[in-house]
Amino acid sequence: MEKRIKLLVANDSAEFNRDYGRIFEESGMEIVYTQKDGMKLLEKIESIHPDVVLADLFMPRLDGIGVMKAIQSKVAGMRPMFVIISNFTSPTLEREVMMSGASYFAISPFNAADLSDRIIQLCSISGIIPKTSAHSQAPATEEPSLEIQVTEVLHQIGVPAHIKGYHYLRDSIIMAIETPDIINAVTKQLYPNVAKLYETTASRVERAIRHAIEVAWDRGDVDILNSYFGYTIHNTRGKPTNSEFIAMISDRLRLHMKTAS
């Protein structure tokens, strides 16, 4: 039997559960409901170990960011994927939510069918369900977006989604795919452009990306790393530079996009 995604929904509104929950269930997910309360949600996560948590950003007692940070501090068990919803957003708020560990930030009201497809897609990327299950649970779609493809590569390599360098790397790779020449001006153009998106400095972007690469090399799967960086990895597990990492991933994805078109 194919694995069903266990989705924990922190919402006690009968209307929400009727209108949205039904669609999630029809997509093949196992739905568990709990109160729209941060502390209650935290207790439920620890008791049932869901694959995915769907929760409001703003909740009584503990907000969505607080719940994600509390879960990150716990070592035991596999952490769930978080999908955070809000009826208010801003670039700063969205960055804070994503950097706190969210896999997706949805603006309410949202299309439940589209969100359901995105959850299944993200679960496939992260390995919660095998790709064959994702194809059977969700209708056939077009080639995944560039952002999704980059996200999948970073997950495969082993870059943790909750660290700042993960987000900087993702945007750097996307920029390098869209504007290949920018890889020749990493310090003068790429880092400053990413820094503007996150209201930080180019030097902090460079350091965070370096840290993300180091984490991937310490924790990542050697076979997967070799498949991407075979020409730069030595017996001593030497790491590629920031620019080498970004260039090799962007070149590989650009080639994939050409062959797929």
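1. Overall content. This is a predicted model. The chain has 261 residues, and 49% of them are buried. Its secondary structure consists of 12 helices and five strands. Among contacts with a separation of 6 or more, 62% join residues 24 or more positions apart.

2. The buried face of α2. Helix α2 covers residues 38-48, and its buried residues are Gly38, Leu41, Leu42, Ile45 and Ile48. Viewed down the axis of α2, these buried residues fall within an arc of 155°, so they line one face of the helix.

3. α2 against α3. The axes of α2 and α3 are 10 Å apart, and the two helices pack at an angle of about 35°. The crossing of α2 past α3 is right-handed. On the α2 side, Gly38, Leu41, Leu42 and Ile45 take part, and they meet Val67, Ala70 and Ile71 of α3. Sorted by class, the contact of α2 with α3 has six nonpolar residues, one polar and no charged ones. Gly38, Leu41, Leu42 and Ile45 are also among the buried residues of α2.

4. α8 against α9. How are these two helices placed relative to each other? Helix α8 (residues 164-178) and helix α9 (residues 186-198) pack at an angle of about 125°, and their axes are 10 Å apart. That angle makes α8 oblique to α9. The crossing of α8 past α9 is right-handed. From α8 the contact draws on His167, Tyr168, Asp171, Ser172 and Met175, and from α9 on Leu190, Asn193, Val194, Leu197 and Tyr198. The residues of this contact between α8 and α9 divide into six nonpolar, three polar and one charged.

5. Ile5. This residue lies in the segment before β1. Is Ile5 buried or exposed? Its relative accessible area is 0%, so Ile5 is buried. Ile5 and Ile120 are 115 residues apart in sequence, while their C-alpha atoms are 7.9 Å apart in space.

6. Ser116. Helix α5 (residues 112-126) contains Ser116. Ser116 has a relative accessible area of 1% and is therefore buried. Which residues does Ser116 contact, leaving aside its neighbours within four places in sequence? They are Phe24, Ser27 and Met29.

7. Val159. The loop between α7 (146-157) and α8 holds Val159. Because its relative accessibility is 3%, Val159 counts as buried. Not counting residues up to four places away in sequence, Val159 touches Leu154, Tyr166, Leu169, Ala212 and Ala216. Val159 and Ile209 are 50 residues apart along the chain, and a distance of 10.0 Å separates their C-alpha atoms.

Terms used: Residues are numbered from 1 along each chain as its sequence is written. This is a predicted model: local features need pLDDT of at least 70, side-chain atom pairs count only at pLDDT 80 or more; totals for chains, interfaces and linings use all residues. Side-chain values use heavy atoms; hydrogens and water are left out. Axes are lines fitted to C-alpha atoms, for helices over the stretch in contact, and angles run from 0 to 180 degrees between N-to-C directions. Helices (H or I, at least four residues) and strands (E, at least two) are DSSP runs, numbered from the N terminus. Angles under 35 degrees count as roughly parallel, over 145 as roughly antiparallel, 65 to 115 as roughly perpendicular and the rest as oblique. A crossing is left-handed if the near helix is turned anticlockwise from the far one by less than a right angle, and right-handed if clockwise. Contact means heavy atoms within 4.5 Å. Ala, Val, Leu, Ile, Met, Phe, Trp, Tyr, Cys and Pro count as nonpolar, Asp, Glu, Lys and Arg as charged, and the others, Gly among them, as polar. Buried means under 20% relative accessible area, exposed over 50%, partly exposed in between (1.4 Å probe, protein chains only). The arc is that of the directions from the helix axis to the C-beta atoms.
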